[in-house]
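Welcome! Please take a moment with the sequence and the structure before reading on.

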Amino acid sequence: MDLRLDERGEAILRRAKEQRAALAPRAAAFEAAEEVPADVFHELGAAGLMAVGVPEDLGGSGAGTVAYSLAMTEIASACASTAVTMAVTNMVGEVIAAFGSDEQRRAYCPRLAAGELGAFALSEVGAGSDPGGMTTAAIQDGDDWVLTGSKQWISHGDSAAVLVVWARTDGPGSRGLSCFLVPGDAENLRVVKREDKMGLRASHTVALALDGVRVPSSALLGSRGGGFRIAMMALDGGRIGIASQALGIARAAERAAVEHLRALPSPEGAALERLADVRTRLDAARLLTLRAAWLKERGERFTREASIAKAFTTEAAWASCNDVVEILGEEALEEGHRVDRAFRDVRVTMIYEGTSEVQRIVIGRAVLGA
Amino acid sequence: MDFRLTDEQQLIQKTARDFATQEVLPKARELDETGRWPASLVARMGELGFLGIAVPEELGGGGADYLSYALAMIEISKACASTGVIMSVNNSLVCDPLLKFGSDAQKQEFLVPLASGAKLGCFGLTEPSSGSDASNMQTTAVRDGDEWVINGSKNWITNGPHADLIVVFCNTDRTKGAKGTTAFIVPKGTPGFEPQEPDHKMGIHAAHSCTIFFNDCRVPDAYRLGEEGMGFKIAMNTLDGGRIGIAAQALGIAEAAYEKAVAYAHERKAFGAPIAKLQAIQFKVADMAMQLDAARLLIYRAALLKERARTEPSLRHSQQSATAKLYASEMATRVTHQALQIFGGYGYSKEYDLERHYRDARITEIYEGTSEIMRLVIAAGALKGGA
């Protein structure tokens with residue numbers, strides 16, 4: 001056992017830290033403008049962070065999930081909105097690299113690696129962690145597929161170059177689902193609504209309507225009826241990304257607490273106790289997240305470990321942000337304060353890509369087989 | 001990065017698991033009930049090389065790494081937390097400082113028999129009115145020619161009633177506070193070395209601890225461990241290692257309770273089905289599983305760092321050890337509590353082991369530095385900017 005990074009991982013981490021330093025001073029302005037400018041993602045792309053796990057011949061960094069997780073944490077500690085976009089785009093690139101045809105891989109992976117955005121259109125009003133309940137339909141029409149339905153909670157669904165859209169091709173249940181690659185500018189794909197959220201305000205979350213979106217048969221990603229498998233891979237991998245994101249948000253809050261306490265002549269014992277709890281929880285969270293990432297990287301089963309990493313880390317991160325608010329006092333909750341932003345941003349990590357409850361169901365089943 | 005255990009680590013883990021399940025577990029309940037000292041198990045641990053696992057072979061030890069030590073501690077504590085702490089004290093609190101700070105002569109005379117299991121040691125830092133606050137130490141050692149004369153008392157000394165020697169910390173210069181502390185090795189039988197009756201405790205009944213009086217107890221200067229004034233540093237350095245052992249003990253206790261609760265959840269029926277089908281039970285189990293994994297990784301991290309520090313002495317692991325101990329010990333309290341809860345009334349009954357695990361877990365939040373002291377260490381490290 002060895003917790004040290006290899007050289008490639010160190011290189012990615014170094015570049016992520018540079019990007020973090022550049023991003024951190026801009027994050028408050030992104031939030032105020034409710035937008036992360038496109039140049040940010042081109043910069044991240046140039047640094048090799050938008051397609052960390054995508055093979056090099058497709059424009060990616062060809063690194064593993066461990067490096068990806070560490071990079072995510074760094075970027076999230078500067079700007080969680082940027083990080084979620086980076087996470088989703090990385091996963092879209094990975095999914096296309098894993099399931100796509102040569103043509104699809106060559107068409108999209110290099111663009112995503114360079115900083116164009118990829119989105120997942122999975123959730124619907126009545127289908128979240130349980131994609132079996134999905135109703136968006138894809139009907140074959142000659143050589144085309146025509147997609148009709150609506151999607152909910154789609155991160156940067158209004159600014160993606162490509163969306164991975166799940167739709168029902170073959171009857172009820174999870175076996176009837178297939179995946180399609182839909183260009184962001186496809187005709188009859190409409191943004192119905194942009195959500196007004198508590199946090200991640202610079203990341204656009206939208207509801208989409210597909211009013212007969214026509215795509216060629218070459219847009220089918222993976223096999224017909226294979227959509228559920230892709231969803232599970234995206235979600236399992238996504239959980240590691242969100243755990244890494246939550247960890248980064250909380251590390252930023254922790255840094256604020258450390259700086260605050262360092263400036264005091266004699267910090268209160270109660271504040272130090274909270275800081276120790278923050279450090280302990282986050283250290284444990286980091287190890288759990290890296291373990292899941294390492295398992296995924298090696299191609300081993302990691303469903304249970306990813307769920308543990310996600311539930312533990314997001315809850316630890318939330319509790320830590322809360323502790324930091326207590327340490328700093330009310331100034332922490334003033335508008336524009338980085339801890340205020342962290343506290344609002346972190347909350348959703350316990351919800352998206354599978355709530356804490358869903359993670360516990362996964363873990364409980366893995367242990368009890370019940 | 002690699003999360004796998006090496007073949008050697010797995011072998012030691014398996015040896016410890018086999019010993020724990022075949023030899024320790026069948027006696028654990030009786031040891032708890034009677035409070036009998038497990039002399040034969042201590043002897044067996046010596047034979048298996050578990051009393052000086054991380055001491056090099058040429059000094060009588062097992063020649064393994066500190067992670068192997070933690071793995072063995074987890075397995076043995078899972079069967080019997082008392083046996084676990086007896087082992088932990090000899091390894092972490094006695095062999096380790098002798099290995100690190102002992103002279104060659106001291107290593108030959110004391111470390112070789114301790115590491116090979118021929119002798120058992122104990123560690124005397126705590127006093128009736130000073131525990132983690134070592135600068136308030138009342139036990140004194142005064143130089144008299146080539147000897148030192150020790151007076152005072154130490155308490156809560158685990159292994160004290162049975163130990164063949166003690167590493168004891170004394171004040172040798174009152175004007176210097178913590179820097180006036182010096183460590184000595186005092187063999188059993190030295191006149192004035194007087195262990196008292198075993199303490200009565202809530203848990204770990206078979207791990208005897210006691211107060212030890214020192215009445216004009218004379219030792220040669222050759223039994224001074226490290227330099228004069230170095231005692232506090234030796235004590236803190238030693239506890240950095242000891243805390244990994246206690247964290248491992250806590251994890252072992254918690255895992256024992258958890259595994260029993262998981263098995264019971266399949267057997268016990270309520271409303272016509274095993275309670276394992278109830279979401280309330282599934283969520284409890286999921287919470288426990290997460291916390292056990294978190295503790296295990298924190299322990300591994302600290303043990304790996306301690307191992308690396310053997311060859312890179314500038315590497316510190318105080319904070320990582322404290323994190324592991326704080327998390328694992330508080331986790332053990334929570335997990336044994338929840339596991340007992342799953343058993344309901346049977347958990348409260350002596351008929352099952354849950355109440356034993358619950359009682360045994362509690363001390364891990366106290367000895368070798370309370371949770372409050374761990375938080376001080378961790379916060380100080382965080383403010384200093386340590387990883």
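Predicted model: local features only at pLDDT ≥ 70, side-chain atom pairs only at ≥ 80, totals over all residues.

Residues are numbered from 1 along each chain as its sequence is written, while chains are lettered from A and ligands numbered from 1 in the order in which they are written.

Let us begin with chain B, which has eleven helices and ten strands (DSSP runs numbered from the N terminus, helices being H or I with at least four residues and strands E with at least two). Its C-alpha trace spans about 80 × 45 × 40 Å along the principal axes. Of its 387 residues, 56% count as buried, meaning that 20 or more other C-beta atoms, placed from the backbone, lie within 10 Å of the residue's own.

Now turn to chain A, which is divided into domain 1 (7–117), domain 2 (119–227) and domain 3 (228–368); these bounds come from an automatic or database domain assignment. How do domain 1 and domain 2 of chain A meet? There, 21 residues of domain 1 of chain A are in contact with 17 residues of domain 2 of chain A, contact being C-beta atoms, placed from the backbone, within 7 Å. On the domain 1 side, helix H2 (27–33), helix H5 (80–99) and helix H6 (102–114) of chain A each supply at least two residues. The largest share, nine residues, comes from H5(A).

Technical notes. Buried ≥ 20, exposed ≤ 12 C-beta atoms within 10 Å, placed from the backbone. Contact = placed C-beta atoms within 7 Å.
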